[in-house]
Amino acid sequence: MSVRHALLALLSEGPRYGLQLQQEFTARTGEVWPLNVGQVYTTLQRLERDGLIESDDAGGEGQQKTFRITPAGGREFAQWLRTPPGTMPPPRDELVMKVLVARRVPGVDVHELIQAHRRHLVETMQRYTRLKEDTPEDDVALGLVVDAELFRFEATTRWLDAAEARLARFPAPHPNGASEASVPPVLTPEVRP
Amino acid sequence: MTTASGPALELRRVSKVYGSGPAEVRALREVDLAVRHGELVAIMGPSGSGKSTLLMIAGSLEEATEGEVLVEGVPLSGMSSDDRARMRRRSVGYVFQDFNLLPGLTAAENVTLPLELDGVGVRTAAAAGVATLEKLGLADRAARYPDELSGGERQRLAIARAIVGDRRLLLADEPTGALDSVNGETVMRLIRAACREGTAGVVVTHNARLASWADRVVFLRDGRVIDRTAAPAGPESLLTPGPMT
Ligand SMILES: Nc1ncnc2c1ncn2[C@@H]1O[C@H](COP(=O)(O)OP(=O)(O)OP(=O)(O)O)[C@@H](O)[C@H]1O
Ligand SMILES: [Mg+2]
């Protein structure tokens with residue numbers, strides 16, 4: 001989520017001070033997605049320049065300016081809500097790269113590496129689950145954010161499980177010898193059309 | 001015995017071999033595991049890695065080929081089979097991978113049976129049964145037979161049966177396998193709550209999200225413990241990225 005739309009979202013509920021916007025965003029996401037004040041003020045300036053929000057410049061004191069959303073900002077926000085998020089995978093997923101590389105580097109046990117990443121993921125998930133457990137169930141916002149992170153980590157652990165099974169069936173190609181292509185087709189039923 | 005403060009469950013260098021000769025399967029190899037009262041441990045590992053075997057041995061439903069199992073500090077090998085049966089009935093709640101519900105009993109009867117076998121009066125048992133079914137959202141299914149329940153309801157019933165009464169040890173094999181993520185979480189919260197009250201819990205799962213409810217996670221592969229999570233950190237550490245972010 002862009003900071004831009006996060007701020008439009010908060011302002012669509014009513015006018016806010018800049019500092020208030022930063023505190024509310026952080027509080028509502030259970031501090032899982034922190035946002036710094038600098039980011040907030042730069043983004044507010046741009047939103048105002050684009051006519052999506054306006055401020056009452058009354059006192060002139062930057063910190064105490066009140067911001068409100070304009071009709072154009074309201075339309076922009078409504079459209080953003082319905083726009084599907086990007087479904088393209090992030091370029092060069094780091095974990096995928098590490099496993100691909102490890103598989104070919106002599107002296108690296110790719111299974112041990114996968115397990116190390118799996119353990120790290122599970123330990124991280126334990127901390128998120130503890131956070132969820134310690135939060136009242138009616139804190140809906142925090143529940144939503146924490147679940148999103150947990151499901152994302154879970155997906156990664158499942159990829160690791162699948163990767164491990166795949167690598168067990170097709171051990172690493174010899175660094176400068178036989179390539180994957182030389183594996184007899186009979187051993188690779190899943191790639192046949 | 002003076003070991004009351006020790007672990008609720010302890011496996012010492014436990015190995016299990018099924019069959020012999022060419023059919024021999026080494027299902028567990030020198031597994032060490034200790035679970036304290038109040039603690040929940042999750043076991044993860046690929047299919048065939050020995051997870052169910054470990055749980056069966058921990059609950060004395062299978063015997064170890066080598067090594068020792070202690071429940072509340074008492075070695076199972078030193079108990080008479082009567083004592084073992086009583087211990088299983090009284091202190092251990094199981095959730096089996098295939099549920100093992102009794103088809104001729106209603107949902108309510110399935111839950112109260114372990115209490116009644118244990119000498120608890122019918123009324124007290126019935127009240128405890130209703131309360132437990134309620135916790136699992138099954139109160140309105142009490143009079144149904146297992147084959148009149150959905151897969152997820154059967155699974156929750158198996159959990160109700162395992163947590164009813166005051167169990168010292170809770171052993172659950174994929175307790176959320178047939179459940180959607182919401183009911184899966186309800187079940188993990190209940191297991192967690194039982195552990196908070198002093199039960200020692202062991203949960204087998206291949207799902208990392210469910211395993212993350214545990215205090216510790218033990219990873220099995222080919223019958224061996226290959227890894228364990230570090231001591232749990234508080235949620236405050238979430239904002240300080242670890243070494244592998
Ligand atoms: N009664 C038995 N006789 C012979 N072999 C058995 C028996 N029970 C289990 N095994 C074997 O022991 C190994 C471990 O089985 P176990 O059921 O403990 O695996 P698991 O980790 O629970 O797998 P899953 O995730 O598929 O449930 C497997 O190779 C299995 O085939
Ligand atoms: Mg099993």
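Trainee: What makes A:R158 count as exposed?

Mentor: Its relative accessibility is 52%, and the label "exposed" needs over 50%, so A:R158 gets it. Bear in mind that this is a predicted model.

Trainee: And how do you know that A:E154 is buried?

Mentor: A:E154 has a relative accessible area of 6%. Buried means under 20%, so A:E154 is in that class.

Trainee: What makes A:R158 and A:E154 a salt bridge?

Mentor: Their side chains meet with N to O at 3.4 Å. The cut-off is within 4 Å, for a side-chain nitrogen of Lys or Arg and a carboxyl oxygen of Asp or Glu, so the pair qualifies.

Trainee: Why are A:R158 and A:E154 separated by about one helical turn?

Mentor: Because they're 4 residues apart in helix α7 of chain A.

Trainee: How do you know that A:R152 and A:E149 form a salt bridge?

Mentor: Look at the closest N and O atoms: they're 2.6 Å apart. The limit is 4 Å, so A:R152 and A:E149 pass. Both lie in α7 (residues 140-169) of chain A, 3 residues apart, about one turn of the helix.

Trainee: Are A:R152 and A:E149 buried, exposed or partly exposed?

Mentor: A:R152 has 48% relative accessibility, which makes it partly exposed. A:E149 has 6%, so it counts as buried.

Trainee: What makes B:R12 and B:E10 a salt bridge?

Mentor: Here the N to O figure is 3.1 Å, and within 4 Å is what the term asks for, so B:R12 and B:E10 qualify. B:R12 itself is partly exposed, at 39% relative accessibility. Over all chains the structure holds 31 salt bridges.

Trainee: Which residues are linked in a network of salt bridges?

Mentor: A:R130 and A:E133 from chain A, with B:R192, B:R196 and B:D215 from chain B.

Trainee: Why is A:R127 called buried?

Mentor: Its relative accessible area is 16%, and buried means under 20%, so the label holds. A:R127 is in helix α6 of chain A. As for chain A as a whole, 38% of its 193 residues count as buried.

Trainee: How many helices and strands are there in chain A?

Mentor: Chain A has 7 helices and 3 strands. From the N terminus on they run α-β-α-α-β-β-α-α-α-α.

Trainee: What makes the nonpolar surface patch?

Mentor: A:M97, A:L100, A:V101, A:V105 and A:V108 make it, and it covers about 380 Å². A:V108 lies in the loop between α5 (94-104) and α6 (110-133) of chain A.

Trainee: Which residues line the largest cavity?

Mentor: A:T129, A:K132 and A:L150 from chain A, and B:E185, B:R209, B:L210 and B:W213 from chain B. They divide into 3 nonpolar, 1 polar and 3 charged. α6 of chain A and α7 (208-211) of chain B each give at least two residues to this lining. The volume is about 30 Å³. What makes it a cavity is that a 1.4 Å probe fits but cannot get out.

Trainee: What space lies in the second largest pocket?

Mentor: About 610 Å³. It has 36 lining residues, and the closest to its centre are B:G45, B:P46, B:S47, B:S49 and B:K51. Elements that give two or more residues are α6 and α7 of chain A, plus β2 (25-35), α1 (51-58) and β9 (216-221) of chain B. The largest share, 7 residues, comes from α7(A). By type the lining has 12 nonpolar, 14 polar and 10 charged residues.

Trainee: What is the phi of B:R13?

Mentor: B:R13 has a positive phi of about 45° although it is not a glycine. Most residues other than glycine have a negative phi. B:R13 is in strand β1 (residues 9-18) of chain B. B:E72, also not a glycine, has a positive phi too, near 50°. That residue is in the loop between β4 (66-71) and β5 (74-75) of chain B.

Trainee: What makes B:E72 partly exposed?

Mentor: Its relative accessible area is 27%. Buried is under 20% and exposed is over 50%, so B:E72 is in between.

Definitions and conventions:
Residues numbered from 1 in each chain as written. Chains lettered and ligands numbered in written order. Predicted model: local features only at pLDDT ≥ 70, side-chain atom pairs only at ≥ 80, totals over all residues. Heavy atoms only, no water. Patch = residues over 30% accessible without salt bridge, like charges linked within 9 Å, V, L, I, M, F, W, Y side chains within 5 Å. Areas by Shrake-Rupley, 256 points an atom, 1.4 Å probe, with all protein chains shown as cover. 1 Å grid on protein atoms, 1.4 Å probe; cavity = no way out; pocket = protein on both sides within 12 Å on 5 of 7 lines; lining within 4 Å. Points joined across faces, edges and corners; volume = space filled by probe spheres on them. Nonpolar A, V, L, I, M, F, W, Y, C, P; charged D, E, K, R; others polar. Buried < 20%, exposed > 50% of the residue type's maximum accessible area, 1.4 Å probe, protein only.
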